[in-house]
Amino acid sequence: MANVVVVGAQWGDEGKGKIVDWLSERADVIARFQGGHNAGHTLVIDGEVYKLSLLPSGIVRPGKLSVIGNGVVLDPWHLKQEIEGLRAQGVSITPETLMIAENTPLILPIHGELDRAREQQASVAKIGTTGRGIGPAYEDKVGRRSVRVADLADRATLELRVDRALVHHDALRRGLGLDPVDRDALVAQLLEIAPVVLEYAAPVWKVLNEKRRAGRRILFEGAQGALLDIDFGTYPFVTSSNVIAGQAATGSGLGPGAIDFVLGIVKAYTTRVGEGPFPAELEDTDGQRLGERGHEFGTVTGRKRRCGWFDAVLVRQTCATSGVNGIALTKLDVLDGFETLKICVGYELDGQRIDHLPTAADHQARCTPIYEEMPGWSESTEGARSWADLPANAIKYVRRVEELIDCPVALLSTSPERDDTILVTDPFQD
């Protein structure tokens, strides 16, 4: 059976939660492979709303194994809070249903403090982070000064890791006008939370390899979107991890040969939270209408999302960098009622037409969209479960998107409800 990677193909908020939940019913293992608790998933199951930001979407499905891989940065206090919240909603979470990689780096309180202090520096352009310490935690990982899950099991090791981290952090804090870290208090906090995390600690790479050899279906769940990738996103207005599909292998401990199908989640229009370039952004009544109809507010932060027409240039680019085999097109129903729709098919940069988003930030800022217009539709697509339920112009819009991004539609989502989905190609069929 095929193993499937799900990645966002825009700036995040594409509706991955619903699609992962829809697929997770048919998977045996659901694995998060990057990011932290800065990316939210909203699931609606039988009228019950679940808001997740760290735990894999499969956690709400009985009988599934949910995995947090080593590519994630883990806030142990948030983990505790999210588990308690789900249990209050009747979700059973045990070491048999949740495993956390032993080599997963932890987000410490000092990471959030550093994150927020940097964003408040008036002399530096804001990145638009959530302030939850994701970036500084990844910095410590590559700087070889992380406290990792396994370190919580031994006090002597834990203290060595904390001391190594504080050599770096106290120097940074002095430069930002922050007090030195209370070392003993931090160690005490970690020892107190340790049992919560260690209950779920496991050699995830080994478990996943065993599951794969046994023929189990593995669903790899990404967070954010490919345009926030640290290498291929709109740098520096990006997240601090690799978001594209190749990270599923590195962030879980399985080799790239384990990936059989890459599903890119794509919204039928474009949104972005925070700072950074957005060539197709609308600051008019159409943009406002998209935001209101799509309820475009961040799951984690509540921040209003910037909205624009569908940008085929960007999605074609992310489909290439992630090796996307098919897309799941979401929120088509938000476009209901528009008399005319536009699709960005290219950019103009300094009088020249280009077919990709350039790497240089100053070039990105000068890109203006080239639009192609299509007739809209007055009928409702909400809740459609077959092509026959869709207006003719809606089908034409979907087909034109496929042509422009050089990638077929595998799934079509027409509402937040999991069953309001049109299956075109089954990602799990090898």
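Helix axes here are lines fitted to C-alpha atoms over the stretch in contact, with angles taken between N-to-C directions. The model is predicted.

**Helix pair.** Helix 2 (residues 76-88) and helix 6 (residues 183-198) have axes that come within 9 Å. They cross at roughly 45°. Angles under 35 degrees count as roughly parallel and 65 to 115 as roughly perpendicular; the two helices are therefore oblique to each other. The crossing of helix 2 past helix 6 is left-handed. The residues that meet are tabulated below by helix.

| Element | Residues in the contact |
|---|---|
| Helix 2 (residues 76-88) | Pro76, Trp77, Leu79, Lys80 |
| Helix 6 (residues 183-198) | Gln189, Leu190, Ile193, Val196, Val197 |

By class, this contact of helix 2 with helix 6 has 7 nonpolar, 1 polar and 1 charged residues.

Strand 3 (residues 41-45) has 4 of its 5 residues buried, so the rest of the structure largely encloses it. Strand 3 runs antiparallel to strand 4 (residues 48-52), and 5 bridges join the two. Across the pair, leucine 43 stands opposite tyrosine 50 of strand 4. The hairpin has 2 residues between the strands, and aspartate 46 takes a positive phi near 50°.

**Tyrosine 371.** This residue lies in strand 16 (residues 368-375). Tyrosine 371 has 28% relative accessibility, so it counts as partly exposed. Beyond neighbours within four places in sequence, tyrosine 371 contacts Ala280, Leu282, Trp309, Lys342, Ile343, Cys344 and Val345. Tyrosine 138 is 233 residues away along the chain, and the C-alpha atoms of tyrosine 371 and tyrosine 138 are separated by 38 Å.

Technical notes:
Residues numbered from 1 in each chain as written. Predicted model: local features only at pLDDT ≥ 70, side-chain atom pairs only at ≥ 80, totals over all residues. Heavy atoms only, no water. Buried < 20%, exposed > 50% of the residue type's maximum accessible area, 1.4 Å probe, protein only. Pairing = 2+ DSSP bridges. Axes fitted to C-alpha atoms, helices over the stretch in contact; angles between N-to-C directions. Parallel < 35°, antiparallel > 145°, perpendicular 65-115°, else oblique. Left-handed = near helix turned anticlockwise from the far one by under 90°. Contact = heavy atoms within 4.5 Å. Nonpolar A, V, L, I, M, F, W, Y, C, P; charged D, E, K, R; others polar.
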